[in-house]
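Student: I have not looked at this structure before. Could you show me how to read its main features, one at a time?

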Protein chains: 2
Amino acid sequence: MRRPHWPQRVTVVEVGPRDGLQNEPVYVPTADKIRFVDALAAAGLPVVEVTSFVNPRRVPQMADAGAVIAGIARRPGVRYSALVPNQRGLDAALTAGLDEVAIFAAASDTFSMRNIGQDVEASLATYAAVCRRADEHALRVRAYVSTAFGCPFEGEVDPRRVAEVAARLIEMGAFEVSVSDTIGIAHPGQVGPVIDAVAARVDRGRIALHFHDTRGTALANVLVGLEAGIAVFDASAGGLGGCPFAPGATGNLATEDLLYMLHGLGIDTGVSLAAVVDASLAIEPLVGHPLSSRYTQAVKATRATSAS
Amino acid sequence: MRRPHWPQRVTVVEVGPRDGLQNEPVYVPTADKIRFVDALAAAGLPVVEVTSFVNPRRVPQMADAGAVIAGIARRPGVRYSALVPNQRGLDAALTAGLDEVAIFAAASDTFSMRNIGQDVEASLATYAAVCRRADEHALRVRAYVSTAFGCPFEGEVDPRRVAEVAARLIEMGAFEVSVSDTIGIAHPGQVGPVIDAVAARVDRGRIALHFHDTRGTALANVLVGLEAGIAVFDASAGGLGGCPFAPGATGNLATEDLLYMLHGLGIDTGVSLAAVVDASLAIEPLVGHPLSSRYTQAVKATRATSAS
């Protein structure tokens, strides 16, 4: 059964190679990252966030950003993106020949200060400059609002504050804003009010949702998002990536778990779930722990049982 | 935000000591099981399914059923129950002095044959006799309908078949029927139609839902159940218990994850989430693998980070 008010089609934004691998403690070799990105694009994922152009001393996992971009086989119709924290990152993305970048602002000053050394207002000034320069080069900019459902330092975050930051990011030129539960604390009761607050300032078609499954609520949150008319969801193959504030805990919502639910609901994504499972299982030995995707672990267990 | 059509209060039926530990490959010592049950009751859980009176050669994990029942400290107001597959199990439960037992029928003949050696019709005849005898002793009977969302052998299961089995169980005297996703395959799109089919035959107030989180969809399924007016949900502390058809995969929905979502929605359960986490963490070293509860893993990781 598909409820008539759910979107018929959903865009899954694959963030595993970036948000996933960036938060894994190990360094995955460049060639494996390239194979991973190519496998995800081949699986039908329409958007792949490939890497981050960040300070390699701070984030050594992403030190090979340029080499990864240079190595992937660009598939027609797939959008490849990279996170850029500032002008320097944008320059690197331009040099790499990307068509799309992502920027991230927080809804909480304390989080913003600790994460990038600027409060929210200062970070928005930085991003406004990034957007202007991106526009000069016809580069599309996607934006995240992090800590949109709670801050590890400040606790509750006012949905109107989230809406304000989201609106500013759209005004400065972002085509879409991904409202993000950075620490995986969101429960379904929050999702409606946060979406409603943001939708009062930003066209609903420009809102994406980015959930972490740290407390198991990610798919329930997605369900509320679908009911609120949201049709773009971020996910990470295998559930790659941890929670930066609770190392060892589960991070991003797994792409496979999201696809299993969406396809069960009769919602079209254009993505092969089986192909994403294979891409995840190929990367699993390199990250040094079992992937957190429940779906992929069930597939693995079923295969092991069938083989025995 | 609590949506007005969600129940204000939910009864969480704790099945960890039974459905959880029965599906763990290791044998947990009797004294630890008793401590576990007592801790869960002390946490405020209103119903605890303590053990199974099953053939100890088939299920050695539950061979100490009588000793566990004898050892627990009965808290006033808490319902203690045990699974009984037949008259012999019922006799043992009566001897142990329980006030409530649980029976389980499948909605799929192949599953029923493989699980208990009887097809569904034969199993219902067995349970009718169990119910008659339970009634003579003023014992309350709760019933499960397993494979209600899919069968590992037959695939899809007709919701009308689920409804028929549920109605027969209520007619023979069960006070509640727990519609169960035995293999953790249910997605939220199925939940509404299955509930609607069962509710056409059984009073909605007598319907409980029992989800496994094998593919990550359990809480999304609960959310749909809440929206359909269901107010009784089964869960297993820590997410104890695997999937019998995919050993190594995640089994029961974790009580902690369920409580986190329900409390977030403003729904009253009367249960202390922190106390359930402590009960789960006390049992974790005995089962030999990390608990599958995302919430409890996040708590563990946060504590480890704070301590370092």
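Tutor: Begin with overall size. This is a predicted model. Chain A has 308 residues, for which a compact globule would have a radius of gyration near 19 Å; the chain has 18 Å, which agrees.

Student: What does the C-alpha trace of chain A span along its principal axes?

Tutor: The spans are about 60 × 45 × 35 Å.

Student: How much of chain A counts as buried?

Tutor: Burial is judged by counting neighbours: a residue is buried if 20 or more other C-beta atoms lie within 10 Å of its own. In chain A, 56% of the 308 residues count as buried.

Student: And what share of the contacts in chain A joins residues 24 or more positions apart?

Tutor: Among contacts with a separation of 6 or more, such pairs account for 73%. As for secondary structure, chain A holds 12 helices and 10 strands.

Student: Now chain B. Which strands form the closed barrel there, and in what order?

Tutor: Eight strands close the barrel in chain B, in the order β1-β2-β3-β4-β5-β6-β7-β8, and the pairing is parallel. From one strand to the next the twist averages 30 degrees.

Student: Let me take one strand of chain B. Is strand β3 enclosed or open?

Tutor: Strand β3 of chain B covers residues 79-83, and four of its five residues are buried, so the strand is largely enclosed by the rest of the structure.

Student: How many bridges join strand β2 of chain B to β3(B)?

Tutor: Five bridges join them, and the two strands run parallel; β2 covers residues 47-52. As one case, B:E49 has B:S81 in β3(B) as its bridge partner. Between these strands the chain passes through helix α3 of chain B (residues 65-71), and this β-α-β crossover is right-handed.

Student: What happens on the way to β4(B)?

Tutor: β3(B) and β4(B) also run parallel, joined by three bridges. Here B:S81 stands opposite B:E100 in β4(B).

Student: Over how many bridges do strand β4 and strand β5 of chain B pair?

Tutor: Strand β4 (residues 100-106) and strand β5 (residues 140-146) of chain B pair in the parallel sense over seven bridges. For a residue pair to look for, B:A105 stands opposite B:V145 in β5(B).

Note on methods: Residues are numbered from 1 along each chain as its sequence is written. Chains are lettered from A and ligands numbered from 1 in the order in which they are written. This is a predicted model: local features need pLDDT of at least 70, side-chain atom pairs count only at pLDDT 80 or more; totals for chains, interfaces and linings use all residues. Two strands pair if DSSP finds at least two bridges between them. Axes are lines fitted to C-alpha atoms, for helices over the stretch in contact, and angles run from 0 to 180 degrees between N-to-C directions. The radius of gyration is taken over C-alpha atoms; the globule rule is 2.2 Å times the number of residues to the power 0.38. A residue is buried if 20 or more other C-beta atoms lie within 10 Å of its own, exposed if 12 or fewer, and partly exposed in between; C-beta atoms are placed from the backbone. Two residues are in contact if their C-beta atoms, placed from the backbone, lie within 7 Å. A crossover is right-handed if, with the strands pointing away from the viewer, the path from the first strand over the helix to the second runs clockwise.
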